[in-house]
Amino acid sequence: MGNKPPFGPSALDLDLSRRDVLKIMGYSSVAAFLAACSSGTTSGGSLTSTGGTVTVGSNASDPLPKKGMEMVNAAFTKANGGTVVKLNTVDHGTFQDQINSYLQGTPEDVFTWFSGHRMRFFADKGLASSIDDLWDKVKGNFSEAFATSVKGNDGHVYGIPVDYYPWAVFYRKSVFADHGYKIPTNWADFKALCVQMQKDGLTPLAMGDKDGWPAQGTFDILNLRLNGYDFHVELLTGKQKFTDPRVANVFSKWAEITPYYNDGLAGMTWQQASQLVVQKKAGMYLLGLFVSQQFKAASDADLADLDFFAFPDLGTQYDAEKALDAPIDVMMMTKKSPTLSKDRGQANAYLQFWSKGSAQLIASTAAPGVIPVANDTDTSGYDALTKKAVEIIKNAKRITQFFDRDSRPDFAGSNGMQSFLLSYLQNPKGDITSLQGKMQQFWNSLPPEA
Amino acid sequence: MAVLAAATRSRVRPQPLRRQLSRAALHAFLVAMCVVWLFPLAWAIYEALRPISDTTLNGYLSWPSGGLSLDNFTTAWTQANLPYFYLNTLYIAVPGVILTLVIASMLAFAMSQFNWKFNVLVLMIFTAGNLLPAQVIIIPLYWIYLNTPLPDFVSDNGLLYDQYIGIILIHVVFQTGFATFVLSNYMKTITKEITESALVDGANVLRIWWSVILPLCRPALAAMATLLFTFIYNDFFWALILMKSGDKRPIVSALNNLQGEFFTNYNLLAAGALLAAVPSVLVFIAFQKHFVRGLTLGATKG
């Protein structure tokens, strides 16, 4: 513009007055302005857009997961035309405590969360955006169980599954080898092994339930094996009653192994109880894969000695389901983010990026203990423990999310099921009927969830 | 002390033994209480000096086999980004304490040095405000914060929500009642003649407050500053509800960064907690004299 035209105005034979020039400049700047306005949003039929920014609220505050998140974000920026990812990391405890006020306030565009009731709850409250159109593009990369896990009660999709981990019975290979123990596959063998361990001076089963939730893992697996997936899910969402005789069966079955727990379980955290296994004082521990972090804290040799097996069959028709708790973490889109209307295309692109095995692998490699869920994940680099975890979940026909993710939080929490299970564990031979009555009474006393 | 003891001894005979016994009992009691109070702290220091692998393999009730080191302290310092969060807390605590003291001392001055119709009523309202638990008003407060627009130069999102200024304000609001109550009790011990003679000398009310009353209240102000600093420093609640940005949070929440989602390195956490407690302890040591005096503030006149 500033350059002199080679032939002067006469060459084009334009007789522009100063006012005309100003007018043209005015129009063109309006056009440029309009173009600039629209460039940030999704244009036409395209679901995703490049450049711009996306904001992310993250609960990945532990050093390794945090690093993994930052690495994925950097990879996304590179892959998506320089989209700037503004990350708000809040420690996971606080993140969970304030999720309600967070989502109603000025949340980021995308946030880290959990599948199960915890996801559906916020979808029902209108605090999460459905991502059906995006899901259509990426669903081919997920198996049926994961697709089910991200559906809201209204049938819409609300999240992208990014990782998960299984619950199983953990043990030390060296302890089993030294005593010649065999992996029990049915209830009788399992109990026989407990008896044998006791004879050998070991605490057969470790349990630390000070925080209330670890015992819920045992309740889950017993209920799944005895009464099946459908009953379990219905029970936890109030469609079945806790006074049901099938629930009584769970507790009487459980009572067959409670004598094999360590003493003082009500005052021990899961970490203290898992130290019993690390120190070879206890033989087995039903817990999530995260128990490996306790072994890693001891030494790499201890970690290499850690192994696990699926909870034994109980001889019911539901054994075939091979169901287990395998909590899934998801990435979701908020509703009330002040920037979402501007960033929607980038937010879609960001979620799409997380749906790839390559992105999930970056995160899980940086922070071992969780497993990618995408079908196209390169599994060749998995360690033995992860490979086995994938195997055990592949065999499962049904996956649950864990009691406190499948049920409403106020019921699962410390005033509810956590305290009921603790009082059960303190007196497993006590009056179960009255305990069941208390559970149902507590459920009935809860206000409608909305 | 020795002279005194000697004097009593010479006066009455059977007392020395009894007194010595009671002194010994007193000291035994004090030493026992010291041990009881210091034990958790000493225990925390001991575990903070041990690596996690040591306590995982040998339990917390064991002698150190992995050696003692300051590694946990340096890790906590960097991993929880403590210097950054110390500053965050200072951004909130320093303006909060100063503002509270300014407002509360003005109020206390007006209510203790002047006779006007409603001064007792106003004092009662401020005192009653202390009794209101913060949790009661949190939901309306949350919506107020979310719907109060602020100009861009004081708020980066145009709201009172998620801002330092919002947290400072709520601290000032909640602490002013208590501070006013304490300061007005202290100011009542200052004779009104001082104010009156200053008035006669031609000083206006603000001048009297600043040049006459505040210097006289220095011990009370120092004690209040120590208390307020500790209160605000330890607060976790307001930032939890009224802030969403992880990088604006106060120091107390930085400790949460040291707690894993599942696995927590308690030795590291102990080191972090000890480090986080340091500023409070420093402030206490600096103002110790006033702090102890502050405990009995207003006890003489109510």
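The model is predicted, so local features need pLDDT of at least 70 and side-chain atom pairs count only at pLDDT 80 or more, while totals for chains, interfaces and linings use all residues. Residues are numbered from 1 along each chain as its sequence is written, and chains are lettered from A and ligands numbered from 1 in the order in which they are written.

Take the contacts in chain A (C-beta atoms, placed from the backbone, within 7 Å) between residues at least 6 apart in sequence: 79% of them join residues at least 24 apart.

Now turn to the interface, where 26 residues of chain A are in contact with 27 residues of chain B. On the side of chain A that touches chain B, strand 2 (84-89), helix 4 (92-97), helix 5 (99-104), helix 13 (270-278) and helix 14 (292-298) each supply at least two residues.

Finally, look at chain B, where an automatic or database assignment gives domain 1 (20-69) and domain 2 (82-295). The C-alpha centres of these two domains of chain B lie 34 Å apart. Eight residues of domain 1 of chain B are in contact with eight of domain 2 of chain B. On the domain 1 side, helix 2 (15-48) and helix 3 (52-58) of chain B give two or more residues each, and helix 2 of chain B gives the most, with four.

Technical notes. Two residues are in contact if their C-beta atoms, placed from the backbone, lie within 7 Å.
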